[in-house]
Amino acid sequence: MRVVTWNLWWRFGPWQERQKAILAVLRELRPDVVGLQEVWAADAENLAAWLADELGLHCAWAPSPAPERWRRRIGDPGVDIGNAVLSRWPVTEQRVLRLPAPDDLDDGRLALHARLAAPGHDVPFFTTHLTSALHASAVRCDQVRALGEFVHEHRGGTPFPPVVTGDFNAWPDSDEIRLHGGYKTAPAVPGQVLVDAWEYADPTAPAATWDPANPYTASLLKRGVRIDYIHVGPPGPDGLGDVRAVRRAGDGPVEGVWPSDHAAVVADLAFPTGI
């Protein structure tokens with residue numbers, strides 16, 4: 001099962017040209033499930049729904065409950081922002097969690113759960129987008145604790161491990177990532193372990209998902225950092241959900257246009273033979 005997570009940079013930059021580049025990357029990847037952050041919707045159009053239609057996938061979408069600060073950044077009061085899941089299989093259940101944040105940092109970030117009716121086993125899939133302020137590690141830790149409870153509540157009833165994707169806006173060695181995993185410090189939920197899929201990457205492979213090689217971020221960064229993640233619970237029976245491979249994607253221009261300010265992360269997970 002091929003899983004992708006990608007922050008699509010909302011309607012910043014040359015968003016119309018970027019939209020085509022995003023589609024081209026996803027079409028080449030041929031994913032089974034995609035977790036998306038910073039997805040726009042406006043005037044009855046929705047980027048995730050358009051991508052799903054073009055790729056022949058199902059779609060779940062959750063708009064931010066407080067998009068005003070985002071709208072002020074682009075000067076357009078009519079554009080929504082949110083998270084989405086694209087899936088090869090039907091979405092049988094959808095739940096949304098608004099992530100906690102203090103008033104001065106609260107811009108309506110959330111986590112989206114989509115239960116996927118894959119052949120043989122339901123897949124409990126999640127995607128999220130944590131607060132971005134550099135100094136806000138403590139806020140992200142609170143968000144991870146809430147996310148952990150959310151995952152715990154919706155992960156059951158299937159042998160397939162939970163898959164948690166998203167833009168965590170946090171370094172791999174940060175408190176919030178260690179807390180989310182649970183295998184380097186006490187977990188957000190007792191007994192719940194979520195392994196960073198990048199642990200299985202080629203150690204020589206480029207890892208930064210926010211990279212100064214990208215012109216959209218070059219003025220902000222001196223060195224790259226990995227802030228986008230695919231986390232997976234311990235494998236189920238016969239290695240179900242085990243991480244087989246992981247890498248970056250969308251990390252270069254498509255016909256001269258960089259798709260987003262983030263690179264995507266792609267992970268291949270073990271799935272029953274023939275599915």
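This is a predicted model: local features need pLDDT of at least 70, side-chain atom pairs count only at pLDDT 80 or more; totals for chains, interfaces and linings use all residues.
Good morning. I begin with two neighbouring strands: β7, residues 110-117, and β8, residues 122-129, run antiparallel and are joined by seven bridges. Within this pairing, R115 has P124 of β8 standing opposite.

I turn to the chain as a whole. It contains five helices and 13 strands. Its radius of gyration is 17 Å, close to the 19 Å given by the globule rule for 275 residues, so the chain is as compact as a globular protein of that length. The C-alpha trace spans about 50 × 40 × 40 Å along its principal axes. Of the 275 residues, 56% are buried. If we consider contacts between residues at least 6 apart in sequence, 72% of them join residues at least 24 apart.

The aromatic residues come next. There are nine aromatic pairs in the structure. One of them joins F168 and Y229: the ring centres are 5.7 Å apart and the planes stand at 80°, and since an angle over 60 degrees counts as edge-to-face, that is how this pair is classed. The pair links distant parts of the chain, with F168 in the loop between β9 (163-167) and α5 (175-181), and Y229 in strand β11 (residues 228-232), 61 residues away. Are these two residues buried or exposed? F168 has a relative accessible area of 0% and is buried; Y229, also at 0%, counts as buried.

Elsewhere, ring pairs link W9, W10, F12, W70 and Y216 into a cluster. A charged residue also meets aromatic rings: the charged end of R11 sits over the ring of W15, at 3.8 Å from the ring centre. R11 lies over the face of W40 as well, 4.3 Å from the centre of that ring.

I close with two loop positions. A197 is located in the loop between β10 and β11, and with a relative accessible area of 0% this residue is buried. What does A197 touch, leaving aside residues up to four places away in sequence? Its contacts are I230, V243, V246 and A267. The C-alpha atoms of A197 and W6 are separated by 15 Å, the two residues being 191 apart along the chain.

G256 and E17 are 239 residues apart along the chain, while 9.8 Å separates their C-alpha atoms.

Thank you for your attention.

Key
Residues are numbered from 1 along each chain as its sequence is written. Side-chain values use heavy atoms; hydrogens and water are left out. Rings of Phe, Tyr and Trp (its six-membered ring) pair if their centres lie within 6.5 Å; planes under 30 degrees apart count as stacked, over 60 as edge-to-face and the rest as tilted. Helices (H or I, at least four residues) and strands (E, at least two) are DSSP runs, numbered from the N terminus. Buried means under 20% relative accessible area, exposed over 50%, partly exposed in between (1.4 Å probe, protein chains only). A charge sits over a ring if NZ of Lys or CZ of Arg is within 6 Å of the ring centre and within 35 degrees of the ring normal. Two strands pair if DSSP finds at least two bridges between them. The radius of gyration is taken over C-alpha atoms; the globule rule is 2.2 Å times the number of residues to the power 0.38. Contact means heavy atoms within 4.5 Å.
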